[in-house]
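Have the viewer ready and follow along.

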Amino acid sequence: MSSALIYACTGAALFVFGVTGLILLSHLLRKILAFNIMGSGIFLVLVGLGQRSGTPDPIPQAMVLTGIVVAVAATGLALALVRRLLHFTGEIRLPEEP
């Protein structure tokens, strides 16, 4: 088993864990963490499968670096929105629909 395949399989497992967390958890901070785990899984898959005959391809690596920057910015925005929700409602959970 090559290292690229190990990265890709680990990334797929992280993606599944993240999706499971998004579906099952109701606490918003945990949902944000699950979303970040899901994104890390996607990044691992891109790096693991982005190799041509043993040498790394720079295009997927550049996409992953850009994705990390976007993920950090999106996480910061999500945390600011959760903080605002906590300020207005006093809870860190989304209101349930009737």
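The model you are looking at is a predicted one. The patch lies on the surface and is formed by Phe 15, Val 16, Phe 17, Leu 33, Ile 37 and Ile 42, which together have about 550 Å² of accessible area.

Let's pick out one member, Leu 33, which sits in helix α2. Leu 33 counts as exposed because its relative accessibility is 52%, and the cut-off for exposed is over 50%.

Now turn to Leu 14, a residue of helix α1. Is Leu 14 exposed or only partly exposed? Its relative accessible area is 23%, so Leu 14 is partly exposed. Setting aside neighbours within four places in sequence, Leu 14 touches Ile 37, Met 38, Gly 41 and Leu 44. For Ile 37, 23 residues separate it from Leu 14 in sequence, while the C-alpha to C-alpha distance is 6.2 Å. Ile 37 is also one of the residues in the nonpolar patch.

Finally, follow the chain to helix α3, which covers residues 58–89. Its 32 residues reach 46 Å from the first C-alpha to the last, close to the 46 Å expected at 1.5 Å a residue. Which residues of α3 are buried? They are Pro 60, Val 64, Gly 67, Thr 75 and Val 82, and the buried residues of α3 pack against α2. Just after α3 comes Gly 90, with a positive phi of about 85°.

Note on methods
Residues are numbered from 1 along each chain as its sequence is written. This is a predicted model: local features need pLDDT of at least 70, side-chain atom pairs count only at pLDDT 80 or more; totals for chains, interfaces and linings use all residues. Side-chain values use heavy atoms; hydrogens and water are left out. Patches are made of residues with over 30% relative accessible area and no salt bridge: like charges are joined within 9 Å, nonpolar side chains (Val, Leu, Ile, Met, Phe, Trp, Tyr) within 5 Å. Accessible areas come from the Shrake-Rupley method with a 1.4 Å probe; for residues, only the protein chains shown count as cover. A salt bridge is a side-chain nitrogen of Lys or Arg within 4 Å of a carboxyl oxygen of Asp or Glu. Helices (H or I, at least four residues) and strands (E, at least two) are DSSP runs, numbered from the N terminus. Buried means under 20% relative accessible area, exposed over 50%, partly exposed in between (1.4 Å probe, protein chains only). Contact means heavy atoms within 4.5 Å. The expected span of a helix is 1.5 Å times one less than its number of residues.
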